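Dear colleague,

I am passing on the structure we spoke about, and my notes follow below it. Please read them with the model open beside you.

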Amino acid sequence: SVTPQVVEQLGRQGYVVLDGVLTNQQAHKALEGCDMMLRNGKLQTLRQQFALGRQDSMMVLDEWQDAWGPLPPEFEGMNLACQVLKASAAAITQHCDVDNTKKEEDTHKWADVCAPAYMQLAMYAKTGAKYVRHLDNDPLDENNKEGTVGLRVCDRVITALLYFNHDWKEEDGGYLRLYRPEEGREEEVLLDIEPLAGRLVLFESERFFHEVLPTYRSRWALSAWLTAAPPQ
């Protein structure tokens, strides 16, 4: 899905929207796993962040490892989704040399971009749940360098979002809203993106303010951050 043309577009405009990354059947299979994990109480609401405007329920997960035993059938769809997000990093590093629009240091960062160490599965409830406008890698955040190298907020290079929601309608809300990255225009809406099943959205984590608009139907997304390579 992430071709040289996609990487060129990502480098040129800072974001890209790809449809059909999962088939309808694959997205439905992933959604079955989502519902099972919700029923089993695996998702949690971060109460402190809820008050600050992040109103999803979420869980951290990763691609299934052979050491854990046989892959449970109910996790097959979600495991494929995790593999898709991890593979996007390898595709970007493979094709990043086609992008001649970035500065040298940015090009090097893309050439060494790493697969996500983990992913977040998020569900926005149909009660109007939202996520207010924010940056995934805010250089002005005094806490963005805390934690393990490779897992810190400041290490985030590209945000990846994969959706599982079939037959989404305008009245369902829950659009991903991207704002313009140009200096002085950060309050201007760039575009609203429907969270459609099988759709993959990639954008630069440090450049694009974004939000999830109020949601009126259960909305599922798998998110990850492709990160800068740790220093040698």
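Four bridges join strand 7 (residues 176-179) to strand 8, and the two run antiparallel; in this pairing tyrosine 179 has valine 189 of strand 8 as its bridge partner. Strands here are DSSP runs of E with at least two residues, helices are runs of H or I with at least four, both numbered from the N terminus, and two strands pair if DSSP finds at least two bridges between them.

Before going further, please note that this is a predicted model, in which local features need pLDDT of at least 70 and side-chain atom pairs count only at pLDDT 80 or more, while totals for chains, interfaces and linings use all residues. Residues are numbered from 1 along each chain as its sequence is written, and side-chain values use heavy atoms, with hydrogens and water left out.

In one of them, the rings of tyrosine 15 and phenylalanine 208 have centres 6.0 Å apart and planes at 75 degrees, so the pair is edge-to-face. This pair links distant parts of the chain, since tyrosine 15 lies in strand 1 (residues 15-18) and phenylalanine 208 in the loop between strand 9 (200-204) and strand 10 (210-215), 193 residues apart. The rings of phenylalanine 203 and phenylalanine 208 are likewise edge-to-face, because their centres are 6.3 Å apart and their planes at 65 degrees. Tyr15, Phe203 and Phe208 form one aromatic cluster.

Finally, there are eleven salt bridges (a side-chain nitrogen of Lys or Arg within 4 Å of a carboxyl oxygen of Asp or Glu). One of them joins aspartate 62 to lysine 86, with the closest N and O atoms 3.0 Å apart; aspartate 62 lies in the loop between strand 3 (57-61) and helix 4 (76-95) and lysine 86 in helix 4, so the pair ties together parts that are 24 residues apart in sequence. Arginine 185 and glutamate 188 also meet in a salt bridge, at 3.0 Å from N to O, and Arg180, Arg185 and Glu188 are linked in a network of salt bridges.

Terms used. Rings of Phe, Tyr and Trp (its six-membered ring) pair if their centres lie within 6.5 Å; planes under 30 degrees apart count as stacked, over 60 as edge-to-face and the rest as tilted.
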